[in-house]
Amino acid sequence: MFDWEDLNNDDTSFNTQSGPYIPEASDCMRCGLCISLCPTYKVSPIEAETPRSRIRTIDKIINETAIPSAEEILHLNNCTQCRACETICPSQMAYGQLFDQAREMLYSSEPSKLNSHFLAQLGFKLIENKKLFSKAIKLIAAYQKSGLASLVRKTALLRLLKCDGAEALLPEVSLELLKEIYPTSQTLKGTVTLFTGCLSAAFDIKTVKATIKVLNAIGYSVLIPHQQGCCGALHQHQGQGKAADVLAINNMNVFNALEVDAIIYTSSACGLMLKENFNAPLFDITEFLCKHWPAELKLNNSTLIDKSIAVHEPCSQRNVSKVSEKKHDAVYELLAKIPSLNVQALADNQTCCGAGGVHCLTHPEIAEPLRTIKLKHFQESEADYLVTTNIGCSLHLNNGLYTDKAPTDNAVIHPVVLLAELINRD
Ligand code: SF4
Ligand code: SF4
């Protein structure tokens with residue numbers, strides 16, 4: 001059991017003679033300190049929606065090898081996996097790890113208890129198979145461009161099929177094929193490779209192209225291996241650890257075969273998943289740019305003069321590790337390079353926006369109220385743009401800003417998109 005005296009230990013883990021002590025689910029003291037940070041408790045303030053109640057369910061699954069009740073599973077599945085509870089817990093519960101372990105045990109015994117939404121299941125299968133994924137993207141593009149989308153939206157069909165949430169989440173997809181190499185035309189400082197994973201090229205091409213442009217402008221050639229695939233985070237957090245491992249091994253084989261100075265990612269949740277598997281150093285794009293920004297490179301701020309930016313900090317950067325706090329500082333440091341730009345942290349940044357991987361698809365009754373709170377803060381900030389470094393948050397938040405299904409000037413964007421617009425070099 002946890003010993004209160006260990007609280008005086010400055011280290012992040014409790015050392016024992018046999019090595020660092022990692023708390024088990026049964027070590028939760030039920031103190032309740034985590035409750036105030038839990039977004040699901042904010043939406044439904046009942047005990048079953050608290051982290052300590054979920055830890056109790058996790059304890060049942062892992063340590064008592066008991067199948068929890070349907071109600072306990074429902075509340076466990078309501079978790080957005082934001083891991084805000086970890087940041088305050090005096091027992092230093094590794095909530096994220098315990099949650100994944102418990103869901104994996106549940107999934108292997110009763111897969112139907114996890115993802116009842118057939119679109120989430122279909123999405124997982126498509127992500128695992130790149131050929132099928134690419135065909136699906138072409139179909140979605142045809143659906144969007146043919147005018148069928150606007151016709152279908154006027155009917156009740158999407159709602160009847162329970163697809164309206166997923167359909168609304170889709171941005172305009174891109175069919176552009178990325179090249180495998182984007183050489184810099186500046187004096188070569190090095191070669192990096194870009195992790196685009198499963199969704200970025202189709203759903204966030206703007207960020208991918210902006211990243212290439214900025215890296216080229218600071219003297220880095222960029223490789224984009226086409227054999228790369230999903231990081232596996234979505235599978236991992238849905239109890240599908242084996243599928244996540246297969247995806248991770250593919251990426252290790254692809255990226256470790258390259259001779260590069262760094263591997264760059266643009267989506268913070270993917271970065272967390274990738275963090276321990278590569279030979280070359282792994283960087284969030286904002287962190288890499290801060291580290292390698294040439295002193296002589298000035299930004300031409302004619303379009304953003306006196307504009308204002310609010311920063312949404314994704315849970316994957318805020319809550320997960322001490323290192324990630326530094327990574328998030330990089331976003332502010334990078335935006336500070338834009339002259340005359342007013343940058344502010346979005347109010348209540350410690351609360352999850354509800355995106356949570358596929359959570360916004362499977363649990364709209366939780367994700368939408370959380371998003372409404374965020375967008376209210378954005379409106380009150382009077383900022384022109386909301387920036388975030390996580391594609392999941394970006395899709396979810398942008399969806400809330402749509403009017404008549406048309407995005408309002410892409411108000412939620414990656415910070416690197418802003419930088420790319422202000423760089424005059426190729
Ligand atoms: S803060 Fe930690 S120890 Fe306290 S109830 Fe929450 S999970 Fe348990
Ligand atoms: S991970 Fe987030 S949603 Fe889940 S129990 Fe912890 S604070 Fe609540």
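Predicted model: local features only at pLDDT ≥ 70, side-chain atom pairs only at ≥ 80, totals over all residues.
Okay, let's start at ligand 1: the residues in the shell around it split into eleven nonpolar, two polar and two charged. Residues are numbered from 1 along each chain as its sequence is written, and chains are lettered from A and ligands numbered from 1 in the order in which they are written.

Back to the ligands. Ligand 1 has 15 residues around it, and the closest are C28, C31, C34, R52 and C89. A residue gets into that shell if its C-beta atom, placed from the backbone, lies within 6 Å of the molecule. Ligand 2 has 14 residues around it, with C38, P51, C79, C82 and C85 coming nearest. Two helices, α1 (39-43) and α2 (51-62), each put at least two residues into the shell around ligand 2.

Now the overall picture. We've got 21 helices and eleven strands in the protein; these are DSSP runs numbered from the N terminus, H or I of at least four residues for helices, E of at least two for strands. There are 426 residues, and 41% of them count as buried. Buried here is 20 or more other C-beta atoms within 10 Å of the residue's own, exposed is 12 or fewer, and partly exposed is in between, with C-beta atoms placed from the backbone. Take the contacts with a separation of 6 or more: 75% of them are between residues 24 or more positions apart. A contact is two C-beta atoms, again placed from the backbone, within 7 Å.

One helix to look at is α6, residues 130-145. Its 16 residues reach 22 Å from the first C-alpha to the last, close to the 22 Å expected at 1.5 Å a residue. That expected span is 1.5 Å times one less than the number of residues. After α6 comes G147, with a positive phi near 95°.

Walking across from the β3 end, β3 and β5 (residues 220-223) run antiparallel and share two bridges, with I181 opposite L223 in β5. Then β4 (residues 190-195) and β5 are parallel, joined by four bridges, and there V192 faces V222 in β5. At the other end, β6 (residues 262-265) pairs with β7 in the parallel sense over three bridges.

Let me zoom in on I263, which is in β6. Is I263 buried or exposed? It counts as buried, because I263 has 25 C-beta neighbours inside 10 Å. Across the strand pair, I263 stands opposite L282 in β7. Skipping neighbours within four places in sequence, I263 is in contact with T193, F195, F255, F278, A280 and L282. From I263 to I285 is 22 residues in sequence and 9.2 Å in space, C-alpha to C-alpha.

There's another open sheet, with four strands in the order β9-β8-β10-β11 and parallel pairing. Its edge strands, β9 and β11 (412-413), each pair on one side only. β10 (residues 385-387) and β11 run parallel with two bridges, and L386 is opposite V412 in β11.

R30 has a positive phi of about 60° although it is not a glycine. R30 sits in the loop between β2 (19-21) and α1, and it is exposed, with 10 other C-beta atoms within 10 Å. S340 is also not a glycine and has a positive phi of about 55°. Its place is the loop between α17 (322-335) and β9 (342-345), and S340 is exposed, with 9 other C-beta atoms within 10 Å.

Technical notes: Nonpolar A, V, L, I, M, F, W, Y, C, P; charged D, E, K, R; others polar. Pairing = 2+ DSSP bridges.
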